[in-house]
Amino acid sequence: MSTSLRHRLRGPAVACLAASCALLLAACGSEQKETTTTSARIAPAQTTATGGPTATGSASASPSGSASPRLTDDQAERQRLVPATKVTWDKAVQTAVATVPQGKLVETELAWAPPNATASGSATASASPSMSPGASASASPSEGAGARTPAWHTSVATADGTLHDVWVDGVSGKVISDRPDADQDAEDKQELADRLKRTTVTPEQAVQTATQDDKGTVTAVELDDDAWSVDVVDTSSWDKTTYEVSTTERRVLRQEVDRD
């Protein structure tokens, strides 16, 4: 076969071979593209089904949505203290005022009794059976250094303005301690005596005014310059609302909610 004929035959053969290669590469590319596209469509569904980020997010959201709100330190303290108290503020005040001749209430506040209070041991022991599970845990002898007893810390003044510091057990209702306030001077006594004379609304009336629309638990009553300050705790949220009631007329001057 002549050289020119071989060249003429080789040309079409090479062209056919190149075309075949091109078709093969195109097919491979198309298959690879289809595989990648399919893989991309399946990937999100596989991630969700196997507990990937989407599934984990929905699973963790459910418990947090149903969990109860976290209490602040003050709210948690109220939750421990209020249910453990069996003596109401007015009963404690009657007991405290009766210990001071011609005494008048200046302030009372619910708190934990001092560690060295003589009545705390027997009072706590008698309180345990009737407490709710949450209150029992907070006042049990196993907590901290020993048993904790709720008490009303009360200031009672005589006619001349002399203050007495009286602690009343919040469970038994007995007086834990009674002593004169050593920090008063003559000017302090006179100022307090004058304030008591100007006050015509009794603490009982002030509390009635403050709680006419709020049926929470009273945890503090204090005589200020121009108002009785009354703290009322909501036992469903453990928030505290402070009402200021005029000392000369039965009306609320101000109120503030403490959600901390």
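**Conventions**

Residues are numbered from 1 along each chain as its sequence is written, and side-chain values use heavy atoms, with hydrogens and water left out. In this predicted model, local features need pLDDT of at least 70 and side-chain atom pairs count only at pLDDT 80 or more, while totals for chains, interfaces and linings use all residues.

**Exercise 1. State how many helices and strands the chain has, and what share of its residues is buried.**

Step 1. Helices (H or I, at least four residues) and strands (E, at least two) are DSSP runs, numbered from the N terminus. The chain has eight helices and eight strands.

Step 2. Buried means under 20% relative accessible area, exposed over 50%, partly exposed in between (1.4 Å probe, protein chains only). Of the 260 residues, 34% count as buried.

Step 3. Contact means heavy atoms within 4.5 Å. Among contacts with a separation of 6 or more, 57% come from residues 24 or more positions apart.

**Exercise 2. Give the strand order of the sheet and identify its edges.**

Step 1. Two strands pair if DSSP finds at least two bridges between them. The order is E4-E3-E2-E1-E5-E6-E7-E8, in an open sheet with antiparallel pairing.

Step 2. Strand E4 (175-180) and strand E8 (252-258) each have a single partner strand, so one side of each is left without a neighbour in the sheet.

Step 3. Axes are lines fitted to C-alpha atoms, for helices over the stretch in contact, and angles run from 0 to 180 degrees between N-to-C directions. With direction ignored, neighbouring strands are turned by 20 degrees against each other on average.

**Exercise 3. Describe the two pairings of E2.**

Step 1. Take E1. Strand E1 (residues 104-112) pairs with strand E2 (residues 150-157) over eight bridges, in the antiparallel sense. Leu-110 stands opposite Trp-152.

Step 2. Take E3. Seven bridges join E2 to strand E3 (residues 163-169), again antiparallel. Ala-151 has Asp-169 as its bridge partner.

Step 3. Check the turn. E2 and E3 form a hairpin with five residues between them, and Gly-161 in the turn has a positive phi of about 90 degrees.

Step 4. Check burial. Seven of the eight residues of E2 are buried.

**Exercise 4. Find where Thr-219 lies and which residues it contacts.**

Step 1. Thr-219 is found in strand E5. Its relative accessible area is 10%, so Thr-219 is buried.

Step 2. Leave aside neighbours within four places in sequence. Thr-219 then contacts Val-82, Thr-108, Glu-109, Leu-110, Trp-152, Asp-231 and Val-233.

Step 3. Helix H3 (residues 73-84) lies across E1, E2, E5, E6, E7 and E8, at about 115 degrees to E1.

**Exercise 5. Characterise the lining of the largest pocket.**

Step 1. On a 1 Å grid over the protein atoms alone, a pocket is an open set of points with protein on both sides within 12 Å along at least five of seven lines, and lining residues have an atom within 4 Å of a point. The volume of the largest pocket is about 220 Å³, taken as the space filled by probe spheres (1.4 Å) set on the points, which are joined across faces, edges and corners.

Step 2. There are 13 lining residues; Arg-78, Glu-109, Leu-110, Thr-219 and Lys-240 lie nearest the centre.

Step 3. H3, E1, E5 and E6 each supply at least two lining residues. H3 gives the most, with five.

Step 4. Ala, Val, Leu, Ile, Met, Phe, Trp, Tyr, Cys and Pro count as nonpolar, Asp, Glu, Lys and Arg as charged, and the others, Gly among them, as polar. The lining has five nonpolar, one polar and seven charged residues.
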